[in-house]
Amino acid sequence: MDNALQSILSKVDLNNLPVVPKVLLDLIRSTQSIEVRFKDLACIIGQDASLSAKVLATANSSFYRQWGEITDLNRVIIVLGLSTVKTIAVTRSVQQYFSQIPRIKHESLELIWYRSLTCAHLAHKLAKLTSYPFPEESYLTGLLHRLGQLVLLECFPNDYPKFLEQDLDGRDGGLEKQLFGASHNEIGGYLIETWNLQSFISDAVCHQYQSFETIADSSQLVKIINLAGQIASIDTANRYDVLDFADRLFGIGQPLIEDMIEEVGNLVRQSADNMGVTVAVSEGKGIKCLTTIQQREAVRKRLGERIKSLMLFYRGSPAIGCVSGAEQSCRRYSEGLERFIRFSGRRFFPVPVRNE
């Protein structure tokens, strides 16, 4: 790892990369339901790159290595268990609720999210179309292909959003590296490599912008993510090149690509509506975030109310030795946050103070 990359990673808490708030809200709500299914949790987590990265890294840590390598979100959730997923959900929610993300950073996060989810769905379809035996791995890799952008967004919260306004889709990696010390695909590829996966996920993220000649003899996953990423950001300026690339790489013709773009576009727009995110896609002009402050505040308020209810619930739970790891974590957060809120004059939401 070169010095620039090391410097970037040293400035960022990799366990606290930003998450689309509505995903956190849905995840907390689901983990509190007595009828929750692991499949439901995987669907929610599978909408956000930051959360997916967290659970994938945790599931492939030394503690869980007895289960072997895991690159399928459904299996990841089963291995981690409801208690661990609940702990991750509560931790992320509390941290993000109090982080006060500025508007320009919110917009960048939502655009990265939109492109990542689009690439994930496209990668899944391409995997099935090309008979790749692990379509869920393709989906997860597509979701993580912009993980490095989240790192740079966290590391350079003022400058990186301005850069993304000009080059959201990574077509000028040289300028990105010149300005920030490393390209987002290098950062994402390195991070995933530290999880010690035997899969080609790290290679696929790292080489997502390489030419046909460079990846012609690469693994199928590398090819799928490269093409999925290009289709995800296709417009009038690069349409011919992308269609030609698809034909040369997998022999996929224009009608199939067009059908894929329409179907995935509808899926992602529906997800965006559910997430309270508004994105305008204009042919030849890329995408633009149109989410209003009111939309974001509505979701944030609901997230705060959900955190408050958790705090009140776990304050009255049994002694720490009698509850699960997730509940212990919630109680500790509840106690710590209560002290914080008292100190800050209850500026976020009121919490009844118990008698000592």
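User: How many helices and strands does the chain have, and what makes a stretch count as one or the other?

Analyst: The chain has 18 helices and two strands, both being DSSP runs numbered from the N terminus, where a helix is a run of H or I of at least four residues and a strand a run of E of at least two. This is a predicted model, in which local features need pLDDT of at least 70 and side-chain atom pairs count only at pLDDT 80 or more, while totals for chains, interfaces and linings use all residues. Residues are numbered from 1 along each chain as its sequence is written, and side-chain values use heavy atoms, with hydrogens and water left out.

User: Why is Leu 191 called buried?

Analyst: Leu 191, which lies in helix H11, has a relative accessible area of 8%, and buried means under 20%, exposed over 50% and partly exposed in between, with a 1.4 Å probe and protein chains only, so the residue is buried. Leaving aside its neighbours within four places in sequence, Leu 191 is in contact (heavy atoms within 4.5 Å) with Leu 9, Leu 14, Leu 147 and Val 151.

User: How do you know whether Ser 131 is buried or exposed?

Analyst: The relative accessible area of Ser 131 is 60%, which places this residue in the exposed class. Ser 131 lies in the loop between helix H6 (103–129) and helix H7 (135–144), and its phi is positive, about 60°, although Ser 131 is not a glycine. Asn 196, in the loop between helix H11 (184–193) and helix H12 (201–206), likewise is not a glycine and has a positive phi of about 60°.

User: What makes helix H4 mostly covered?

Analyst: Nine of the eleven residues of helix H4 (residues 49–59) are buried, among them Leu 51, Val 55 and Leu 56. The cover over these buried residues includes helix H2 (21–32), helix H3 (38–45), helix H5 (73–97), H7 and helix H8 (147–155). For the chain as a whole, 53% of the 356 residues count as buried.

User: Why are H6 and H14 called oblique to each other?

Analyst: H6 and helix H14 (residues 220–232) pack at an angle of about 130°, with their axes 8 Å apart; the axes are lines fitted to C-alpha atoms, for helices over the stretch in contact, and angles run from 0 to 180 degrees between N-to-C directions. Angles under 35 degrees count as roughly parallel, over 145 as roughly antiparallel and 65 to 115 as roughly perpendicular, with the rest oblique, and H6 and H14 are therefore oblique. Among the residues that meet are Leu 122 and Leu 126 in H6, and Ile 224 and Ala 228 in H14.

User: What makes H14 roughly antiparallel to H15?

Analyst: The axes of H14 and helix H15 (residues 239–250) come within 10 Å and cross at roughly 160°. That angle is over the limit for roughly antiparallel, and so the pair belongs to that class. In this contact H14 brings residues including Lys 223 and Leu 227, and H15 brings residues including Phe 245 and Leu 249.

User: How do you know what share of the contacts in the chain joins residues 24 or more positions apart?

Analyst: Among contacts in the chain with a separation of 6 or more, residues 24 or more positions apart account for 69%.
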